[in-house]
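Here are my notes for a colleague opening this structure for the first time. Please keep the model in view while reading.

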Amino acid sequence: MSDEDITLTAGDAEVTVLPGKGGRIGGLRVGGAELLRQGDRFGCFPMVPWCGRTRDGRFLDGATVVQLPLNSPPHAIHGTARDGAWRLARRTADEAVITYDLVDPWPHSGRVTQVVSLTGDSLTLTMSVETYEDSFPAQIGWHPWFNRTLDGADATLDFAPAWQEERGDDHLPTGRRIDPAPGPWDDCFGMPDGVDVTLTWPGRLALQVTSREQWVVVYDEQEAAVCVEPQTGPPNGLNTHPRLVTPLEPLEATTTWSWTRL
């Protein structure tokens with residue numbers, strides 16, 4: 001099926017899915033207000049088969065050292081699927097299923113499936129990686145760019161992480177966990193009971209980002225946007241916290257964004 005843009009609607013919510021542009025969510029409008037920063041690099045893109053930076057673009061795949069292209073020198077960042085064309089598998093008025101087949105420079109074959117489900121007060125994204133051949137380490141995550149300002153109101157962030165990953169000069173976790181520090185952030189946090197972060201645009205909307213996963217990167221160093229990124233492991237996780245995809249056990253993760261009008 002085609003990779004043309006898809007628009008889903010439920011109540012006064014509308015989401016645009018862009019299979020041909022990295023499988024990203026191009027826009028999310030609630031009551032006519034656009035919640036996601038617009039542009040080819042923005043919206044919300046899937047991070048797969050790894051999240052954030054992989055140190056020097058290298059990871060250990062069994063006994064083999066794999067070298068990935070350094071698309072954010074000196075590191076490789078955010079996976080390969082955001083640069084590829086996904087395909088529409090099926091859709092209804094409020095749900096779309098899109099797929100992406102892993103290709104070079106990723107060294108293993110596999111299929112990524114993303115399900116986008118919209119209701120009048122929530123958006124749920126579910127992603128899985130499966131293989132029918134050899135096993136490999138992988139990660140899943142999402143990188144939404146929420147507009148910082150909505151109708152003149154700047155978003156505030158509310159979350160209570162158990163720890164913060166200490167960030168080294170190379171922007172990668174050092175492996176040491178520290179007490180959460182004040183922002184601004186480009187940092188990974190641990191939430192062992194599941195990701196739970198609320199963005200509030202005073203007088204307009206509160207949006208809660210949740211996931212069963214326990215890792216979230218928060219990036220709010222840009223004036224235009226705030227990013228809240230649930231993921232299955234920390235940055236450089238292919239090396240430090242790998243999750244194995246096998247023919248018998250795919251890797252799957254889900255995040256839900258629920259909103260309340262204020």
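1. Trp 163 is buried, because its relative accessible area is 10%, under the 20% cut-off. This comes from a predicted model. Trp 215 also counts as buried, at 3% relative accessibility.

2. The rings of Trp 163 and Trp 215 form a pair. Their centres lie 5.8 Å apart and their planes meet at 80°, so the pair is edge-to-face.

3. Arg 177 lies over its face, 3.6 Å from the ring centre. Elsewhere, Arg 82 lies over the face of Phe 45, at 5.2 Å from the ring centre.

4. The whole structure holds 11 aromatic pairs. One of them joins Trp 106 and Phe 136: with centres 5.9 Å apart and planes at 75°, the pair is edge-to-face. Trp 106 is in the loop between strands E11 and E12, while Phe 136 is in strand E14, 30 residues apart. Both residues are buried.

5. Now the largest pocket. It contains about 440 Å³ of space. Its lining has 28 residues, and the closest to the centre are Arg 53, Ile 77, His 78, His 143 and Asp 186.

6. Which strand gives the most to that lining? Strand E21 does, with three residues. Strands E19 and E24 are among those that each supply at least two. By class, the lining has 12 charged, 10 nonpolar and six polar residues.

How values were computed. Residues are numbered from 1 along each chain as its sequence is written. This is a predicted model: local features need pLDDT of at least 70, side-chain atom pairs count only at pLDDT 80 or more; totals for chains, interfaces and linings use all residues. Side-chain values use heavy atoms; hydrogens and water are left out. On a 1 Å grid over the protein atoms alone, a cavity is a set of points where a 1.4 Å probe fits but cannot get out, and a pocket is an open set with protein on both sides within 12 Å along at least five of seven lines; lining residues have an atom within 4 Å of a point. Grid points are joined across faces, edges and corners, and a volume is the space filled by probe spheres set on the points. Helices (H or I, at least four residues) and strands (E, at least two) are DSSP runs, numbered from the N terminus. Ala, Val, Leu, Ile, Met, Phe, Trp, Tyr, Cys and Pro count as nonpolar, Asp, Glu, Lys and Arg as charged, and the others, Gly among them, as polar. Rings of Phe, Tyr and Trp (its six-membered ring) pair if their centres lie within 6.5 Å; planes under 30 degrees apart count as stacked, over 60 as edge-to-face and the rest as tilted. Buried means under 20% relative accessible area, exposed over 50%, partly exposed in between (1.4 Å probe, protein chains only). A charge sits over a ring if NZ of Lys or CZ of Arg is within 6 Å of the ring centre and within 35 degrees of the ring normal.
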